[in-house]
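My notes follow the structure.

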Amino acid sequence: MADNNDKKPKGGFKGISWFYIILFIGLGYILLKDDNTSLSGTATYTEFKDYVDKGYVSELVIYSNMNSVDMYIKPDSAKYIFGDRALQQQPLTKPMLTVGVGSLDNLQEYLDNAEAEGKFNGQVEYRKRSHTITDILINIFPFVLIIALWIFMSKRLGGGAAGGGGVFSVGKSKARIYEKGQADRVTFKDVAGQAEAKTEVEEIVEFLKNPKKYTDLGGKIPKGALLVGPPGTGKTLLAKAVAGEADVPFFSLSGSDFVEMFVGVGASRVRDLFRQAKEKAPCIIFIDEIDAVGRARGKNPAMGGNDERENTLNQLLTEMDGFGTNSGVIILAATNRVDILDKALLRAGRFDRQIHLDLPDLNERKEVFGVHLKNIKLSKDVDIDLLARQTPGFSGADIANVCNEAALIAARHNKKKVEKDDFLSAVDRIVGGLEKKTKVLTADEKRTIALHEAGHATLSWFLEYANPLIKVTIVPRGRALGAAWYLPEERQITTKEQMLDEMCATLGGRAAEELFTGHISTGAMNDLERVTKQAYGMIAYAGMSDKLANLCYYSSTDEYAFQKPYSDKTAQLIDEEVKALIAQQYERGKKLLLEHEEGHHQLAQLLIEREVIMAEDVERIFGKRPWASRSEEILEDSKSSENKPVTENKDRVEP
Ligand code: ADP
Ligand code: ZN
């Protein structure tokens, strides 16, 4: 995307480079000049008298206005004074020493005596010396250095070249501007899925294109809308598409751009942004991650130091109130945490509309693939349906990434077209990280990992609500040593039974290790972390334990909860309940594993041999999953295409 950054570096920059050039020439001059003078140095007045007495001196030039004498040494005497240097530099051109003199009268008197005594018979010349360029340069050099340093620093602080003229532009907005009328502008066509969000913003496009239609009826054009959704769901893309559809300029910046170390900078950037925007109205301002400035104010006096952010937010509110309702500037902001935003931002006349973007579901993923596969040369075996099914939980950005990664993988193998396998590898890679072919495991470690992963696989096979298994591997990938992949159900609420089964399956790795190796290992740390978090969530937030039934200690409004909203006694109770819950699921897991011990061992053995096993292998060992339904589907898929997809439960080993 060509972004038309209308801020060119200002003339000041050129001036500065000239300045540096002159500086370097000057410096070079000084250095070279010194090198050229054959032999020179300084001498004290005492040395001076000594040299004159010994008859080394051929000529004197006295600078009366500087109280300084240049003493020229006879070439054959130079070796007594300069030693080796005199011998190396043959032939000698006028070796010379500079002497500072206290009183010219004393000097004259001394010279008269020396002449009378026959020690000195050279020429004495009086001159006036003006300051040479060198002197001037030497004198101003420190100041120049300081100024240069200051300019350099202020440029850095001001955001470098993008900010233009350094410290003076620190208060300028850092927005990037996409001008109207660009050929490659983003339109709704480029945004796949998100149908509701598109309908909502279509109205904004209408406002921008045809404000009169609304104002004539006495309606007010909205000032802002908040795009709410997880990262990568296309919030920026949608905002750009609105600008593209309406063909108006688009200012894009991130909430964190307002935040600087200088007091008052944020507020002045906001002012500058709105000034620029009003000049270009109708237009769209897009503020990404608005929570960086828009967090609720003043909840937490103890932390202090947030005044700057609050000033910025206040300025933003003022500006939003300030411009006339129908000035044609519409602000779109993106966040994935509406709950922490300051309520003032959400009031009528500000961001009074909220547009939700969700992770794409199966059909939407198909559409997103459709958009991103357009420019890729596909082989015939690529099936969008299958790709969409392989990628539950992926955001639009993840899918864009899969497509790109697949093309790169195909190119790496010198293929003419991108094949299905390339996409599947790309999915694996994005879910799991790179395969670590170099990570060498000992036979013992491999066995432990196989038992561990087989533990997950066995339990999830026999637990009714555990996510259906897709594949189990013990190929190290990224930081994971092994992984069991599931097809997570796309559900909006989760029942207690589902959570318990999930927990039990997650604990299956550690349980299998304990039962069948006799040791427990750090390989289960990641599992335990998840289980512990989940248990606390169930008990303290979801009110799912008997002793603390229907109590939720989570507050969606207090961001800095310094005080726990419960007594110490309750805290103790929560801890106990968590422990009991986990212990209970652990025991349940162990029992189930012992019931299916033989199958588990076969599974582990198969893993050691093959490193990757699929759901169908598990089915061959255990028979049909008792709670088939959805796993049927998966088996179907995995038969038609040997390599399978998606998400979760990696066993990481912390360093
Ligand atoms: P967000 O701002 O929500 O974090 P972006 O808009 O920056 O996400 O999305 C990043 C990239 O992901 C986009 O440039 C686009 O390539 C891709 N993308 C995300 N959502 C979609 C979508 N719904 N349709 C097509 N591409 C999408
Ligand atoms: Zn595990």
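Are phenylalanine 250 and phenylalanine 286 buried or exposed? I find phenylalanine 250 buried, and phenylalanine 286 is buried too. I note that this is a predicted model.

**Aromatic rings.** I counted 7 aromatic pairs. Phenylalanine 250 and phenylalanine 286 make one that is stacked, with 6.0 Å centre to centre and 20° between the planes. This pair links distant parts of the chain. Phenylalanine 250 sits in strand β8 and phenylalanine 286 in strand β9, 36 residues apart.

Next I looked up phenylalanine 462 and phenylalanine 622. Their pair is edge-to-face, at 4.9 Å centre to centre and 80° between the planes. Phenylalanine 462 belongs to helix α18 and phenylalanine 622 to helix α23, so the pair ties together parts 160 residues apart in sequence. Phenylalanine 462 is buried, at a relative accessible area of 15%. Phenylalanine 622 also counts as buried, at 16% relative accessibility. I also noted a cluster of Tyr45, Phe48 and Tyr110, linked by ring pairs.

**Helix packing.** I then followed α18 to α22. Their axes come within 8 Å and cross at roughly 130°. That angle makes α18 oblique to α22. The crossing is right-handed. Residues of α18 in the contact include Leu451 and Ala454, and those of α22 include Leu603 and Leu607. By class, I read 8 nonpolar, 4 polar and 3 charged residues in this contact.

**Loop position.** Last, I checked alanine 549. I place it in the loop between α20 and α21. Alanine 549 is partly exposed, with a relative accessible area of 38%. Its C-alpha atom is 8.2 Å from that of isoleucine 539, 10 residues apart along the chain.

Definitions and conventions:
Residues are numbered from 1 along each chain as its sequence is written. Chains are lettered from A and ligands numbered from 1 in the order in which they are written. This is a predicted model: local features need pLDDT of at least 70, side-chain atom pairs count only at pLDDT 80 or more; totals for chains, interfaces and linings use all residues. Side-chain values use heavy atoms; hydrogens and water are left out. Axes are lines fitted to C-alpha atoms, for helices over the stretch in contact, and angles run from 0 to 180 degrees between N-to-C directions. Helices (H or I, at least four residues) and strands (E, at least two) are DSSP runs, numbered from the N terminus. Angles under 35 degrees count as roughly parallel, over 145 as roughly antiparallel, 65 to 115 as roughly perpendicular and the rest as oblique. A crossing is left-handed if the near helix is turned anticlockwise from the far one by less than a right angle, and right-handed if clockwise. Contact means heavy atoms within 4.5 Å. Ala, Val, Leu, Ile, Met, Phe, Trp, Tyr, Cys and Pro count as nonpolar, Asp, Glu, Lys and Arg as charged, and the others, Gly among them, as polar. Buried means under 20% relative accessible area, exposed over 50%, partly exposed in between (1.4 Å probe, protein chains only). Rings of Phe, Tyr and Trp (its six-membered ring) pair if their centres lie within 6.5 Å; planes under 30 degrees apart count as stacked, over 60 as edge-to-face and the rest as tilted.
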